[in-house]
Amino acid sequence: MRRWPDHAPFGRWASASMPELPALPEVEVFGGDPVNRISHCERGNMSRPGAILGGVLLGTCLAFSPDAIATEPMNRLGLPVDCEPGRDCFVQQMPDTEPGPGLSDPLCGLASYDGHDGWDIRLRTLADIAQNVPVVAVARGLVLRRRDGVPDRLSDRNSSKTALKGRECGNGVIVRHEDGLVSQYCHLKMGSIAVQPGMMVERGERLGAIGASGLAEFPHVHLSIHREDERIEPLTGQSLNRRTPDCGDLTGSLFTNLARDQLARTPLAILKIGLTEAPPALDELVLGEPPAIATSASNAMIAWVWAINVEAGDRFKIHIVRPDGSLLVEHTSEPLARRKANYIAYAGHKRSAMPGSYTVSVKMLRDNTSFISETRTFKVTEPRGVVSMPGAFR
Ligand SMILES: [Zn+2]
């Protein structure tokens, strides 16, 4: 019987007494190019009087299609979350299917970083973990291990790595399935773990909630799949250990058809748009603390969009429409020079504005066609009593 390493001084893994446990890494180790990961937003310069041009952005809204799950083998994997990808939660990063120093995600894109071995499904903000979005078992199986007690706190990979050594996964659960697959779920919300070692769980059964424990730069669950010592990319069903898998070939996918289709869509998404006196900082947005809506006393009106997984060449078209229907701002950004895991684009008007309902619409342009868009109305009031109106999406 192999022993699990357990070098976590706090929030230790609790283990079931099971024979022949596979040698599953206990922790998630981040690596790779931080620029291509999560924590970057870029802005243009606020220069021209009367007009402010800026940045970048993006998003995706996915629709479900009914699927014949009932006819599929029961050992197919479901999503590790009970939320709708592209609407309530978002694929931020996929496994890196290039065993060497190169980078490729399973869909032949670059939504990964070197050595990343799992699927990161995120919430928009740290504040959103209060919604207790369920992390669920991807298939029927036996709970092998769990850990709880690690606080939810956004981490910086460089400054936090030492402090979190041995607890990079944060609060987590490991489940062994009937066909030898093992699934591991990391960064769950502290206090949310709902299972104990030795319990059987069904596909879709709640294990905990999405959090930001361990080494997490944004709130998400990290799902990794193993069989014995082999790390597996579940969307393609191919090994991450050996040869370079064929990206885009999903014929061997371990997922149900529905989950496969949901994960195979573009990870591009618009997470949020706003109308404020100044463009937001990414860290404010990830915390869930965006700047206040502009007021009639603001000396500028900036419309912005926060998008993830934007590709080189993508552009953003931003409109602000006045309460009387006339156009206040229309701006199309220059094509993005390179891919961005996070991007904030903005455009604005460097003057105060009359009170009333302003409409902000954003389109992400790819190959000169509108790829995704979002529209929202903001009520600009006197400095006191600012009110946000619920948006109309898509
Ligand atoms: Zn991850």
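1. A residue is called buried if 20 or more other C-beta atoms lie within 10 Å of its own, exposed if 12 or fewer do, and partly exposed in between, with C-beta atoms placed from the backbone. On that scale N132 is partly exposed, because 14 other C-beta atoms lie within 10 Å. N132 belongs to the loop between β4 and β5 (134–136), and its phi is near 55°, a positive value in a residue other than glycine.

2. This is a predicted model, in which local features need pLDDT of at least 70, side-chain atom pairs count only at pLDDT 80 or more, and totals for chains, interfaces and linings use all residues. Residues are numbered from 1 along each chain as its sequence is written.

3. On confidence: pLDDT is the predictor's confidence in each residue, from 0 to 100. The protein has a mean pLDDT of 82, with 79% of its residues at 70 or more. For residues 16–69 pLDDT stays under 50, and the model has 164 contacts beyond four places in sequence for this stretch. A contact here requires the C-beta atoms of two residues, placed from the backbone, to lie within 7 Å. Residues 390–394 also have pLDDT below 50, with eight contacts in the model beyond near neighbours in sequence.

4. On the overall make-up: the protein has three helices and 21 strands. These are DSSP runs numbered from the N terminus, helices being H or I of at least four residues and strands E of at least two. Of its 394 residues, 47% count as buried. Among contacts with a separation of 6 or more, 71% are between residues 24 or more positions apart.

5. On the core: the largest nonpolar core holds 88 residues, and V81, V135, V221, I270, A303, V305 and A307 have the most contacts inside it. Such a core is a set of buried Ala, Val, Leu, Ile, Met, Phe, Trp, Tyr and Cys residues joined through C-beta atoms within 7 Å. The strand that gives the most to this core is β15 (residues 301–310), with nine residues. Both domain 1 (9–36 + 67–264) and domain 2 (269–388) give residues to the core, so it lies between them. The domain bounds come from an automatic or database domain assignment.

6. On strand β7 (residues 171–177): seven of its seven residues are buried. N171, V173, V175 and H177 point one way, while G172, I174 and R176 point the other way, and all are buried. Strand β6 (residues 141–147) runs antiparallel to β7 and is joined to it by six bridges; strands count as paired if DSSP finds at least two bridges between them.

7. V173 stands opposite Y185 in β8. β7 and β8 form a hairpin with three residues between them, and G180 in the turn has a positive phi of about 90°.

8. On H187: this residue lies in strand β8 (residues 181–188). H187 counts as buried because it has 30 C-beta neighbours inside 10 Å. Leaving out residues up to four places away in sequence, H187 touches G170, G211, A212, S213, G214, A216, H220, V221 and H222. H187 and H222 are 35 residues apart in sequence, with a C-alpha to C-alpha separation of 6.8 Å. V221, with the same exclusion of residues up to four places away, touches residues including P80, V81, I121, V135, Y185 and H187.

9. On the pairings of β16 (residues 315–321): seven bridges join this strand to β19 (residues 356–366) in an antiparallel arrangement, and H319 has S361 as its bridge partner in β19. Five bridges join β16 to β17 (residues 327–332), again antiparallel, with K317 partnered by T332 in β17. β16 and β17 form a hairpin with five residues between them, and G325 in the turn has a positive phi of about 95°.

10. The C-alpha atoms of Q92 and D120 are separated by 5.7 Å, at 28 residues apart along the chain. C108, in the loop between β3 and β4 (119–122), counts as exposed because it has 11 C-beta neighbours inside 10 Å. Phi of C108 is near 75°, a positive value in a residue other than glycine.
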